[in-house]
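Dear colleague,

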Number of protein chains: 2
Amino acid sequence: MASSTVENYLKQLYLEEHSTGKSIVPMGRLAELMKVVPGTATAMVKALADSGLVRYSPRAGVRLTPAGNQLALHVLRRHRLVELFLVKIVGFDWSEVHDEAEELEHVISEKLLERIDSLLGHPTVDPHGDPIPTAGGHVAYPAADDFVNCPLRRRVQIVRILDQQPRFLQFVNQCGLLPGTRVQVSERNPQADSVSILLEGKSPLTLSTAAAAKFQVKPVA
Amino acid sequence: MASSTVENYLKQLYLEEHSTGKSIVPMGRLAELMKVVPGTATAMVKALADSGLVRYSPRAGVRLTPAGNQLALHVLRRHRLVELFLVKIVGFDWSEVHDEAEELEHVISEKLLERIDSLLGHPTVDPHGDPIPTAGGHVAYPAADDFVNCPLRRRVQIVRILDQQPRFLQFVNQCGLLPGTRVQVSERNPQADSVSILLEGKSPLTLSTAAAAKFQVKPVA
DNA sequence: CAGTTAATTTTGATTAGTCAAAATACAATA
DNA sequence: TATTGTATTTTGACTAATCAAAATTAACTG
(Lines give C-alpha, C1' and ligand atoms only; values in the text may rest on other atoms or scores of the structure.)
Protein backbone atom coordinates (compact mmCIF):
# COMPACT_ATOMS: atom_id res chain seq x y z
CA MET A 1 0.00 0.00 0.00
CA ALA A 2 1.14 3.53 -0.74
CA SER A 3 2.79 5.39 2.15
CA SER A 4 1.60 8.83 3.20
CA THR A 5 4.65 10.24 1.48
CA VAL A 6 3.84 8.59 -1.80
CA GLU A 7 0.24 9.74 -1.53
CA ASN A 8 1.39 13.30 -0.99
CA TYR A 9 3.71 13.30 -3.98
CA LEU A 10 0.92 12.02 -6.19
CA LYS A 11 -1.57 14.51 -4.82
CA GLN A 12 0.76 17.44 -5.39
CA LEU A 13 1.48 16.25 -8.92
CA TYR A 14 -2.22 16.04 -9.64
CA LEU A 15 -2.96 19.48 -8.24
CA GLU A 16 -0.03 21.02 -10.06
CA GLU A 17 -0.89 19.42 -13.37
CA HIS A 18 -4.41 20.77 -13.04
CA SER A 19 -3.64 24.23 -11.77
CA THR A 20 -0.99 24.95 -14.38
CA GLY A 21 -2.68 23.14 -17.22
CA LYS A 22 0.71 21.62 -18.14
CA SER A 23 0.79 17.87 -18.05
CA ILE A 24 4.43 17.69 -17.00
CA VAL A 25 5.81 19.03 -13.73
CA PRO A 26 9.49 20.08 -13.48
CA MET A 27 11.44 18.44 -10.65
CA GLY A 28 12.32 21.76 -9.05
CA ARG A 29 8.66 22.66 -8.80
CA LEU A 30 7.77 19.29 -7.32
CA ALA A 31 10.57 19.62 -4.77
CA GLU A 32 9.26 23.06 -3.84
CA LEU A 33 5.71 21.78 -3.42
CA MET A 34 6.88 18.89 -1.27
CA LYS A 35 9.28 21.10 0.69
CA VAL A 36 12.24 18.81 0.03
CA VAL A 37 15.56 19.41 -1.70
CA PRO A 38 15.57 18.65 -5.43
CA GLY A 39 17.68 15.52 -5.04
CA THR A 40 15.06 14.01 -2.81
CA ALA A 41 12.36 14.61 -5.37
CA THR A 42 14.46 12.97 -8.06
CA ALA A 43 15.02 9.89 -5.92
CA MET A 44 11.36 9.65 -5.02
CA VAL A 45 10.16 10.12 -8.57
CA LYS A 46 12.42 7.32 -9.76
CA ALA A 47 10.84 5.03 -7.20
CA LEU A 48 7.34 6.15 -8.22
CA ALA A 49 8.24 5.49 -11.84
CA ASP A 50 9.36 1.97 -10.91
CA SER A 51 5.95 1.40 -9.32
CA GLY A 52 4.24 2.61 -12.47
CA LEU A 53 2.64 5.62 -10.80
CA VAL A 54 4.43 8.30 -12.81
CA ARG A 55 6.29 8.68 -16.05
CA TYR A 56 9.66 10.30 -15.54
CA SER A 57 11.56 12.13 -18.26
CA PRO A 58 15.02 13.01 -16.93
CA ARG A 59 15.72 16.76 -17.00
CA ALA A 60 12.24 17.43 -18.33
CA GLY A 61 9.92 16.49 -15.52
CA VAL A 62 7.33 14.06 -14.34
CA ARG A 63 3.69 13.28 -15.05
CA LEU A 64 1.14 10.94 -13.53
CA THR A 65 0.30 7.67 -15.23
CA PRO A 66 -3.35 6.60 -15.23
CA ALA A 67 -2.62 4.48 -12.15
CA GLY A 68 -1.02 7.43 -10.38
CA ASN A 69 -3.93 9.62 -11.37
CA GLN A 70 -6.40 7.19 -9.88
CA LEU A 71 -4.51 7.06 -6.62
CA ALA A 72 -4.22 10.85 -6.50
CA LEU A 73 -7.95 11.20 -7.02
CA HIS A 74 -8.58 8.76 -4.23
CA VAL A 75 -6.44 10.81 -1.87
CA LEU A 76 -8.24 13.96 -2.97
CA ARG A 77 -11.56 12.29 -2.30
CA ARG A 78 -10.47 11.48 1.21
CA HIS A 79 -9.14 14.95 1.79
CA ARG A 80 -12.22 16.74 0.62
CA LEU A 81 -14.72 14.46 2.32
CA VAL A 82 -12.79 14.81 5.56
CA GLU A 83 -12.81 18.59 5.23
CA LEU A 84 -16.54 18.69 4.73
CA PHE A 85 -17.04 16.25 7.58
CA LEU A 86 -15.02 18.44 9.93
CA VAL A 87 -17.11 21.45 9.01
CA LYS A 88 -20.56 19.91 8.84
CA ILE A 89 -20.42 17.29 11.56
CA VAL A 90 -17.65 18.30 13.91
CA GLY A 91 -18.33 22.02 13.72
CA PHE A 92 -14.95 23.28 12.61
CA ASP A 93 -14.58 26.55 10.82
CA TRP A 94 -14.06 25.96 7.09
CA SER A 95 -10.92 28.12 7.12
CA GLU A 96 -9.10 25.85 9.55
CA VAL A 97 -9.80 22.33 8.33
CA HIS A 98 -7.10 22.00 5.71
CA ASP A 99 -4.18 20.93 7.90
CA GLU A 100 -6.26 18.49 9.90
CA ALA A 101 -7.53 16.86 6.71
CA GLU A 102 -3.97 16.72 5.45
CA GLU A 103 -3.18 14.21 8.20
CA LEU A 104 -6.45 12.34 8.36
CA GLU A 105 -6.62 11.66 4.63
CA HIS A 106 -3.85 9.08 4.99
CA VAL A 107 -5.22 7.04 7.85
CA ILE A 108 -8.99 6.76 7.62
CA SER A 109 -10.24 3.37 6.49
CA GLU A 110 -12.35 2.80 3.43
CA LYS A 111 -15.21 1.95 5.71
CA LEU A 112 -15.00 5.22 7.63
CA LEU A 113 -14.67 7.12 4.39
CA GLU A 114 -17.84 5.68 2.93
CA ARG A 115 -19.63 6.19 6.23
CA ILE A 116 -18.67 9.87 6.16
CA ASP A 117 -19.76 10.09 2.55
CA SER A 118 -23.24 8.80 3.31
CA LEU A 119 -23.50 10.81 6.53
CA LEU A 120 -22.94 13.90 4.39
CA GLY A 121 -25.41 12.74 1.74
CA HIS A 122 -22.86 12.01 -1.00
CA PRO A 123 -21.79 15.62 -1.46
CA THR A 124 -20.21 16.84 -4.69
CA VAL A 125 -18.12 19.73 -3.38
CA ASP A 126 -16.09 20.42 -0.24
CA PRO A 127 -16.25 23.59 1.89
CA HIS A 128 -14.02 25.49 -0.55
CA GLY A 129 -16.16 24.47 -3.48
CA ASP A 130 -13.60 21.96 -4.72
CA PRO A 131 -15.26 19.00 -6.43
CA ILE A 132 -15.13 15.66 -4.59
CA PRO A 133 -14.02 12.73 -6.78
CA THR A 134 -16.30 9.70 -6.71
CA ALA A 135 -15.23 6.40 -5.19
CA GLY A 136 -14.66 5.25 -8.76
CA GLY A 137 -12.18 8.07 -9.31
CA HIS A 138 -14.25 10.41 -11.43
CA VAL A 139 -14.37 14.12 -10.96
CA ALA A 140 -16.14 16.89 -12.81
CA TYR A 141 -14.81 20.41 -13.05
CA PRO A 142 -17.79 22.56 -13.98
CA ALA A 143 -16.73 25.45 -16.19
CA ALA A 144 -16.97 28.64 -14.16
CA ASP A 145 -16.18 32.33 -14.40
CA ASP A 146 -14.28 34.26 -11.78
CA PHE A 147 -14.39 37.87 -10.56
CA VAL A 148 -12.03 38.86 -13.36
CA ASN A 149 -14.06 37.62 -16.31
CA CYS A 150 -17.67 37.34 -15.12
CA PRO A 151 -20.28 39.83 -16.33
CA LEU A 152 -20.13 43.27 -14.65
CA ARG A 153 -22.93 44.48 -12.38
CA ARG A 154 -24.76 41.15 -12.48
CA ARG A 155 -25.57 39.11 -9.40
CA VAL A 156 -23.33 36.05 -9.20
CA GLN A 157 -22.85 33.37 -6.58
CA ILE A 158 -19.42 32.41 -5.28
CA VAL A 159 -18.97 28.68 -5.90
CA ARG A 160 -15.31 27.99 -5.29
CA ILE A 161 -12.19 29.49 -3.71
CA LEU A 162 -8.96 28.50 -5.41
CA ASP A 163 -6.55 29.29 -2.55
CA GLN A 164 -6.46 27.09 0.54
CA GLN A 165 -3.96 29.01 2.63
CA PRO A 166 -5.31 29.70 6.11
CA ARG A 167 -4.36 33.37 5.96
CA PHE A 168 -6.23 33.94 2.75
CA LEU A 169 -9.23 31.98 3.97
CA GLN A 170 -9.38 33.99 7.15
CA PHE A 171 -9.45 37.13 5.06
CA VAL A 172 -12.22 35.63 2.94
CA ASN A 173 -14.11 34.81 6.11
CA GLN A 174 -13.83 38.36 7.39
CA CYS A 175 -15.05 39.90 4.15
CA GLY A 176 -17.87 37.41 4.01
CA LEU A 177 -16.94 36.12 0.56
CA LEU A 178 -17.75 32.51 1.44
CA PRO A 179 -18.85 29.96 -1.12
CA GLY A 180 -22.59 30.39 -1.59
CA THR A 181 -22.52 34.17 -1.08
CA ARG A 182 -24.17 36.37 -3.71
CA VAL A 183 -22.33 39.47 -4.87
CA GLN A 184 -21.70 41.53 -7.95
CA VAL A 185 -18.57 42.90 -9.54
CA SER A 186 -19.14 46.64 -9.62
CA GLU A 187 -16.01 47.76 -11.41
CA ARG A 188 -12.70 46.68 -12.88
CA ASN A 189 -9.74 48.98 -13.26
CA PRO A 190 -6.97 47.50 -15.41
CA GLN A 191 -4.63 50.40 -14.61
CA ALA A 192 -5.02 49.95 -10.87
CA ASP A 193 -4.96 46.19 -11.46
CA SER A 194 -8.04 45.97 -9.27
CA VAL A 195 -11.57 44.59 -9.11
CA SER A 196 -14.35 45.94 -6.88
CA ILE A 197 -16.96 43.71 -5.34
CA LEU A 198 -20.38 44.72 -4.03
CA LEU A 199 -21.74 42.75 -1.13
CA GLU A 200 -25.37 43.18 -0.10
CA GLY A 201 -25.52 45.79 2.66
CA LYS A 202 -21.78 46.32 2.95
CA SER A 203 -19.44 48.92 1.57
CA PRO A 204 -17.62 47.94 -1.64
CA LEU A 205 -14.51 45.86 -1.42
CA THR A 206 -11.53 46.14 -3.74
CA LEU A 207 -9.19 43.29 -4.55
CA SER A 208 -6.18 42.93 -6.79
CA THR A 209 -6.83 41.15 -10.05
CA ALA A 210 -4.78 38.20 -8.81
CA ALA A 211 -6.87 37.89 -5.65
CA ALA A 212 -10.09 38.35 -7.62
CA ALA A 213 -9.15 35.45 -9.88
CA LYS A 214 -9.27 33.12 -6.90
CA PHE A 215 -13.05 33.38 -6.69
CA GLN A 216 -15.06 31.23 -9.04
CA VAL A 217 -18.66 32.25 -9.56
CA LYS A 218 -21.79 31.21 -11.36
CA PRO A 219 -24.59 33.47 -12.56
CA VAL A 220 -27.66 33.79 -10.34
CA ALA A 221 -30.89 32.93 -12.13
CA MET B 1 7.34 15.01 19.07
CA ALA B 2 6.80 11.32 19.68
CA SER B 3 6.31 9.16 16.57
CA SER B 4 3.36 6.79 16.25
CA THR B 5 5.75 3.96 16.97
CA VAL B 6 6.94 5.51 20.20
CA GLU B 7 3.37 6.25 21.21
CA ASN B 8 2.43 2.63 20.62
CA TYR B 9 5.31 1.26 22.67
CA LEU B 10 4.36 3.52 25.57
CA LYS B 11 0.69 2.66 25.28
CA GLN B 12 1.39 -1.08 25.32
CA LEU B 13 3.68 -0.69 28.30
CA TYR B 14 1.01 1.21 30.16
CA LEU B 15 -1.69 -1.33 29.38
CA GLU B 16 0.55 -4.24 30.27
CA GLU B 17 1.69 -2.71 33.54
CA HIS B 18 -1.93 -2.18 34.48
CA SER B 19 -3.37 -5.45 33.33
CA THR B 20 -0.71 -7.58 34.99
CA GLY B 21 -0.30 -5.43 38.07
CA LYS B 22 3.49 -5.80 37.69
CA SER B 23 5.33 -2.54 37.26
CA ILE B 24 8.03 -4.05 35.07
CA VAL B 25 7.46 -5.59 31.66
CA PRO B 26 9.88 -8.25 30.32
CA MET B 27 11.35 -7.51 26.91
CA GLY B 28 9.96 -10.70 25.39
CA ARG B 29 6.45 -9.72 26.38
CA LEU B 30 6.86 -6.22 25.00
CA ALA B 31 8.17 -7.63 21.72
CA GLU B 32 5.17 -9.92 21.56
CA LEU B 33 2.72 -7.07 22.21
CA MET B 34 4.36 -4.92 19.57
CA LYS B 35 4.65 -7.82 17.13
CA VAL B 36 8.37 -7.28 16.59
CA VAL B 37 11.34 -9.55 17.21
CA PRO B 38 12.93 -9.21 20.66
CA GLY B 39 16.02 -7.45 19.35
CA THR B 40 13.86 -4.69 17.94
CA ALA B 41 12.20 -4.14 21.29
CA THR B 42 15.58 -3.93 23.00
CA ALA B 43 16.79 -1.32 20.54
CA MET B 44 13.62 0.71 20.86
CA VAL B 45 13.58 0.56 24.63
CA LYS B 46 17.14 1.85 24.78
CA ALA B 47 16.10 4.81 22.69
CA LEU B 48 13.05 5.41 24.88
CA ALA B 49 15.28 5.26 27.95
CA ASP B 50 17.56 7.89 26.40
CA SER B 51 14.52 10.15 25.97
CA GLY B 52 13.58 9.62 29.59
CA LEU B 53 10.29 7.91 28.79
CA VAL B 54 11.13 4.53 30.33
CA ARG B 55 13.53 3.05 32.82
CA TYR B 56 15.34 0.05 31.38
CA SER B 57 16.92 -2.70 33.49
CA PRO B 58 18.88 -5.01 31.18
CA ARG B 59 17.69 -8.62 31.36
CA ALA B 60 14.96 -7.64 33.80
CA GLY B 61 12.60 -5.50 31.82
CA VAL B 62 11.27 -2.02 31.32
CA ARG B 63 8.90 0.34 33.10
CA LEU B 64 7.43 3.73 32.30
CA THR B 65 8.87 6.85 33.91
CA PRO B 66 6.39 9.52 35.02
CA ALA B 67 7.00 11.29 31.70
CA GLY B 68 6.33 8.10 29.77
CA ASN B 69 3.23 7.47 31.82
CA GLN B 70 1.87 10.92 31.02
CA LEU B 71 2.44 10.41 27.33
CA ALA B 72 0.82 6.97 27.42
CA LEU B 73 -2.22 8.39 29.17
CA HIS B 74 -2.48 11.06 26.54
CA VAL B 75 -2.47 8.47 23.80
CA LEU B 76 -5.08 6.48 25.66
CA ARG B 77 -7.23 9.58 26.00
CA ARG B 78 -7.09 10.08 22.27
CA HIS B 79 -7.83 6.46 21.58
CA ARG B 80 -10.84 6.27 23.83
CA LEU B 81 -12.34 9.59 22.85
CA VAL B 82 -11.98 8.64 19.21
CA GLU B 83 -13.70 5.31 19.84
CA LEU B 84 -16.63 6.96 21.53
CA PHE B 85 -16.80 9.57 18.80
CA LEU B 86 -16.95 6.89 16.12
CA VAL B 87 -19.81 5.19 17.92
CA LYS B 88 -21.84 8.17 19.06
CA ILE B 89 -21.35 10.63 16.23
CA VAL B 90 -20.33 8.61 13.20
CA GLY B 91 -22.61 5.66 13.92
CA PHE B 92 -20.07 2.86 13.98
CA ASP B 93 -20.75 -0.34 15.83
CA TRP B 94 -18.81 -0.39 19.10
CA SER B 95 -17.27 -3.75 18.25
CA GLU B 96 -15.52 -2.43 15.14
CA VAL B 97 -14.02 0.88 16.24
CA HIS B 98 -10.80 -0.34 17.81
CA ASP B 99 -8.62 -0.62 14.71
CA GLU B 100 -9.81 2.66 13.29
CA ALA B 101 -9.04 4.43 16.58
CA GLU B 102 -5.65 2.76 16.59
CA GLU B 103 -4.71 4.80 13.53
CA LEU B 104 -6.55 8.01 14.27
CA GLU B 105 -5.14 8.37 17.79
CA HIS B 106 -1.77 9.32 16.35
CA VAL B 107 -2.83 12.01 13.92
CA ILE B 108 -5.70 14.04 15.33
CA SER B 109 -4.75 17.51 16.51
CA GLU B 110 -5.20 18.75 20.03
CA LYS B 111 -7.89 21.05 18.74
CA LEU B 112 -9.89 18.25 17.15
CA LEU B 113 -9.47 16.14 20.26
CA GLU B 114 -10.91 18.81 22.53
CA ARG B 115 -13.68 19.50 20.05
CA ILE B 116 -14.62 15.82 20.12
CA ASP B 117 -14.44 15.84 23.90
CA SER B 118 -16.91 18.69 24.19
CA LEU B 119 -19.13 17.33 21.42
CA LEU B 120 -19.45 14.19 23.52
CA GLY B 121 -20.06 16.15 26.71
CA HIS B 122 -16.74 15.33 28.40
CA PRO B 123 -17.44 11.62 28.81
CA THR B 124 -15.66 9.53 31.42
CA VAL B 125 -15.76 6.12 29.76
CA ASP B 126 -15.45 4.82 26.21
CA PRO B 127 -17.79 2.30 24.52
CA HIS B 128 -16.07 -0.62 26.25
CA GLY B 129 -16.38 1.03 29.63
CA ASP B 130 -12.68 1.90 29.75
CA PRO B 131 -12.08 5.13 31.65
CA ILE B 132 -10.99 8.15 29.60
CA PRO B 133 -7.99 9.99 31.05
CA THR B 134 -8.42 13.74 31.46
CA ALA B 135 -6.47 16.25 29.40
CA GLY B 136 -4.30 16.66 32.49
CA GLY B 137 -3.43 12.96 32.44
CA HIS B 138 -5.54 11.73 35.31
CA VAL B 139 -7.56 8.58 35.21
CA ALA B 140 -9.73 6.86 37.78
CA TYR B 141 -10.23 3.12 37.87
CA PRO B 142 -13.38 2.58 39.89
CA ALA B 143 -13.16 -0.63 41.88
CA ALA B 144 -15.51 -3.15 40.32
CA ASP B 145 -16.53 -6.77 40.60
CA ASP B 146 -16.75 -9.13 37.67
CA PHE B 147 -18.95 -12.12 36.85
CA VAL B 148 -16.56 -14.36 38.80
CA ASN B 149 -16.66 -12.59 42.15
CA CYS B 150 -19.86 -10.53 42.19
CA PRO B 151 -22.79 -11.60 44.39
CA LEU B 152 -24.85 -14.52 43.06
CA ARG B 153 -28.45 -14.04 41.94
CA ARG B 154 -28.35 -10.27 42.35
CA ARG B 155 -29.04 -7.85 39.55
CA VAL B 156 -25.84 -6.20 38.38
CA GLN B 157 -25.04 -3.85 35.52
CA ILE B 158 -22.21 -4.52 33.09
CA VAL B 159 -19.88 -1.53 33.20
CA ARG B 160 -16.76 -2.59 31.36
CA ILE B 161 -15.43 -5.24 28.97
CA LEU B 162 -11.77 -6.07 29.43
CA ASP B 163 -11.11 -7.66 26.04
CA GLN B 164 -11.02 -5.51 22.90
CA GLN B 165 -10.56 -8.20 20.28
CA PRO B 166 -13.14 -7.87 17.49
CA ARG B 167 -14.00 -11.54 17.63
CA PHE B 168 -14.77 -11.44 21.32
CA LEU B 169 -16.70 -8.19 20.99
CA GLN B 170 -18.84 -9.59 18.21
CA PHE B 171 -19.68 -12.49 20.46
CA VAL B 172 -20.54 -10.05 23.24
CA ASN B 173 -22.71 -8.16 20.80
CA GLN B 174 -24.62 -11.29 19.82
CA CYS B 175 -25.27 -12.34 23.40
CA GLY B 176 -26.34 -8.83 24.25
CA LEU B 177 -23.85 -8.43 27.07
CA LEU B 178 -23.09 -4.82 26.19
CA PRO B 179 -21.95 -2.28 28.76
CA GLY B 180 -25.04 -0.93 30.47
CA THR B 181 -26.94 -4.22 30.30
CA ARG B 182 -28.47 -5.61 33.50
CA VAL B 183 -28.05 -9.29 34.23
CA GLN B 184 -27.50 -11.67 37.11
CA VAL B 185 -25.08 -14.48 37.70
CA SER B 186 -27.29 -17.50 38.27
CA GLU B 187 -24.68 -20.12 39.01
CA ARG B 188 -20.96 -20.85 39.23
CA ASN B 189 -19.50 -24.30 38.80
CA PRO B 190 -15.81 -24.50 39.78
CA GLN B 191 -15.54 -28.07 38.51
CA ALA B 192 -16.86 -27.18 35.08
CA ASP B 193 -14.84 -23.96 35.31
CA SER B 194 -17.98 -22.13 34.24
CA VAL B 195 -20.27 -19.24 35.13
CA SER B 196 -23.91 -18.91 34.05
CA ILE B 197 -25.52 -15.60 33.27
CA LEU B 198 -29.20 -14.75 33.24
CA LEU B 199 -30.35 -12.11 30.78
CA GLU B 200 -33.87 -10.67 31.04
CA GLY B 201 -36.12 -12.67 28.75
CA LYS B 202 -33.40 -14.86 27.26
CA SER B 203 -32.25 -18.37 28.01
CA PRO B 204 -29.27 -18.67 30.37
CA LEU B 205 -25.81 -18.29 28.97
CA THR B 206 -22.75 -20.15 30.20
CA LEU B 207 -19.21 -18.82 29.94
CA SER B 208 -15.85 -20.14 31.02
CA THR B 209 -14.46 -18.55 34.18
CA ALA B 210 -11.80 -16.82 32.08
CA ALA B 211 -14.40 -15.31 29.77
CA ALA B 212 -16.62 -14.36 32.73
CA ALA B 213 -13.74 -12.46 34.31
CA LYS B 214 -13.71 -10.10 31.34
CA PHE B 215 -17.01 -8.50 32.39
CA GLN B 216 -16.85 -5.88 35.10
CA VAL B 217 -20.11 -5.11 36.86
CA LYS B 218 -21.58 -2.86 39.48
CA PRO B 219 -24.55 -3.63 41.72
CA VAL B 220 -27.93 -2.25 40.65
CA ALA B 221 -29.60 -0.10 43.32
C1' DC C 1 30.91 29.16 -30.45
C1' DA C 2 32.78 29.49 -25.87
C1' DG C 3 31.51 30.72 -21.28
C1' DT C 4 28.32 31.42 -17.70
C1' DT C 5 24.29 30.18 -15.25
C1' DA C 6 20.52 27.61 -13.60
C1' DA C 7 18.24 23.30 -13.13
C1' DT C 8 18.86 18.66 -12.32
C1' DT C 9 21.06 14.44 -11.02
C1' DT C 10 24.44 11.87 -8.45
C1' DT C 11 26.91 10.54 -4.47
C1' DG C 12 27.60 9.76 0.25
C1' DA C 13 25.62 10.12 4.82
C1' DT C 14 21.93 10.10 8.26
C1' DT C 15 17.73 8.65 10.97
C1' DA C 16 13.94 5.59 12.40
C1' DG C 17 12.41 1.24 12.51
C1' DT C 18 12.86 -3.24 11.43
C1' DC C 19 14.67 -8.57 10.89
C1' DA C 20 17.85 -12.64 11.06
C1' DA C 21 21.00 -14.86 13.33
C1' DA C 22 24.93 -15.18 16.41
C1' DA C 23 26.50 -14.31 21.14
C1' DT C 24 25.64 -13.91 25.93
C1' DA C 25 23.65 -14.35 30.46
C1' DC C 26 20.98 -16.49 33.78
C1' DA C 27 18.11 -19.81 35.98
C1' DA C 28 16.94 -24.45 36.56
C1' DT C 29 17.93 -29.20 36.41
C1' DA C 30 20.51 -33.25 36.59
C1' DT D 1 28.75 -28.17 40.00
C1' DA D 2 28.40 -28.76 35.29
C1' DT D 3 24.90 -28.66 31.78
C1' DT D 4 21.04 -27.41 29.44
C1' DG D 5 17.56 -24.39 27.93
C1' DT D 6 15.40 -20.04 27.46
C1' DA D 7 15.33 -15.10 27.46
C1' DT D 8 17.83 -11.35 26.09
C1' DT D 9 21.22 -8.64 23.80
C1' DT D 10 24.37 -7.76 20.08
C1' DT D 11 25.75 -7.45 15.41
C1' DG D 12 25.15 -6.69 10.71
C1' DA D 13 22.07 -5.67 7.19
C1' DC D 14 17.99 -3.59 5.03
C1' DT D 15 14.25 -0.01 3.53
C1' DA D 16 12.15 4.52 3.18
C1' DA D 17 12.86 9.12 3.28
C1' DT D 18 15.62 12.67 3.81
C1' DC D 19 19.83 16.41 3.31
C1' DA D 20 24.33 18.46 1.75
C1' DA D 21 27.24 19.11 -1.59
C1' DA D 22 29.58 17.76 -5.81
C1' DA D 23 28.94 16.64 -10.70
C1' DT D 24 26.46 17.02 -14.84
C1' DT D 25 23.52 18.83 -18.43
C1' DA D 26 21.42 22.08 -21.14
C1' DA D 27 20.14 26.43 -22.18
C1' DC D 28 21.24 31.28 -22.78
C1' DT D 29 24.37 35.23 -23.66
C1' DG D 30 27.71 37.80 -25.47
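**Helix packing in chain B**

In α1(B), the residues E7(B), L10(B), K11(B), L13(B) and Y14(B) meet G68(B), N69(B), L71(B), A72(B), V75(B) and L76(B) of α4(B). By class, the residues of this contact between α1(B) and α4(B) comprise 7 nonpolar, 2 polar and 2 charged. Please note that the model is a predicted one.

The two helices, α1 (residues 4-20) and α4 (residues 66-88) of chain B, pack with their axes 8 Å apart and at an angle of about 95°. Because angles of 65 to 115 degrees count as roughly perpendicular, α1(B) is described as roughly perpendicular to α4(B).

**Surroundings of DNA strand D**

DNA strand D is surrounded by 21 residues, and the closest are S3(A), P26(B), G28(B), P38(B) and G39(B). Two or more residues of this surface come from each of α1 (4-20) and α3 (38-50) in chain A, and likewise from α2 (27-34) and α3 (38-50) in chain B. The largest share, 5 residues, is given by α3(A). Divided by class, the surface near DNA strand D has 11 nonpolar, 8 polar and 2 charged residues.

**Contact between chains A and B**

Chain A contributes 12 residues to the contact and chain B contributes 11 residues. On the side of chain A that touches chain B, α5 (98-104) and α6 (110-119) of chain A each supply at least two residues. That side of chain A has 7 nonpolar, 2 polar and 3 charged residues.

Yours sincerely

How values were computed. Residues are numbered from 1 along each chain as its sequence is written. Chains are lettered from A and ligands numbered from 1 in the order in which they are written. This is a predicted model: local features need pLDDT of at least 70, side-chain atom pairs count only at pLDDT 80 or more; totals for chains, interfaces and linings use all residues. A residue is near a molecule or strand if its C-beta atom, placed from the backbone, lies within 6 Å of it. Helices (H or I, at least four residues) and strands (E, at least two) are DSSP runs, numbered from the N terminus. Ala, Val, Leu, Ile, Met, Phe, Trp, Tyr, Cys and Pro count as nonpolar, Asp, Glu, Lys and Arg as charged, and the others, Gly among them, as polar. Two residues are in contact if their C-beta atoms, placed from the backbone, lie within 7 Å. Axes are lines fitted to C-alpha atoms, for helices over the stretch in contact, and angles run from 0 to 180 degrees between N-to-C directions. Angles under 35 degrees count as roughly parallel, over 145 as roughly antiparallel, 65 to 115 as roughly perpendicular and the rest as oblique.
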